[in-house]
Amino acid sequence: MGVALAAPASAADGRVYVYEHINYGGRVCSTEGNVSDYASFCGHDMVSSAWNNGYNSGNRDVIFYEHPNYRGRGTCLKNGQRWARMLPGWNDVVSSHRWSICS
Ligand SMILES: [Ca+2]
């Protein structure tokens, strides 16, 4: 965790970043891995913006889920993309994520 950059921009670093507030504000958490339960990561139901800065190979996309253990609804943030605000219905909802390839 730390202070979020206002405008994330850098070379891919293999990580996904999630932010407490829209526009990449507030607390930020990042990881290279899957997170089955945000209670041990950034806390449940806090994500308001996100950035997939993963490498463009293999499981390059990130699917966010509304419940732990990749359950409930899912939404896909593709490689290299960022959401200054989560899609409608997804603010303060995410409780797990995993890397995948979205069709
Ligand atoms: Ca939030």
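Four strands form an open sheet in the order E2-E1-E3-E6, with antiparallel pairing. Strands here are DSSP runs (E, at least two residues), numbered from the N terminus. Two strands pair if DSSP finds at least two bridges between them. The edges are strand E2 (25-31) and strand E6 (82-83), each of which pairs on one side only. Strand E3 (residues 49-53) runs antiparallel to E6, and 2 bridges join them. Trp51 has Arg82 in E6 as its bridge partner. In general, strands of a sheet pair through backbone hydrogen bonds.

The model is predicted: local features need pLDDT of at least 70, side-chain atom pairs count only at pLDDT 80 or more, and totals for chains, interfaces and linings use all residues. Residues are numbered from 1 along each chain as its sequence is written.

Not counting residues up to four places away in sequence, Cys42 touches Val18, Arg27 and Cys29; contact requires C-beta atoms, placed from the backbone, within 7 Å.

Tyr55 lies in the loop between E3 and E4. Tyr55 counts as partly exposed because it has 15 C-beta neighbours inside 10 Å; buried residues have 20 or more, exposed ones 12 or fewer. Leaving aside neighbours within four places in sequence, Tyr55 contacts Ala12, Gly14 and Arg60.

How values were computed: Contact = placed C-beta atoms within 7 Å.
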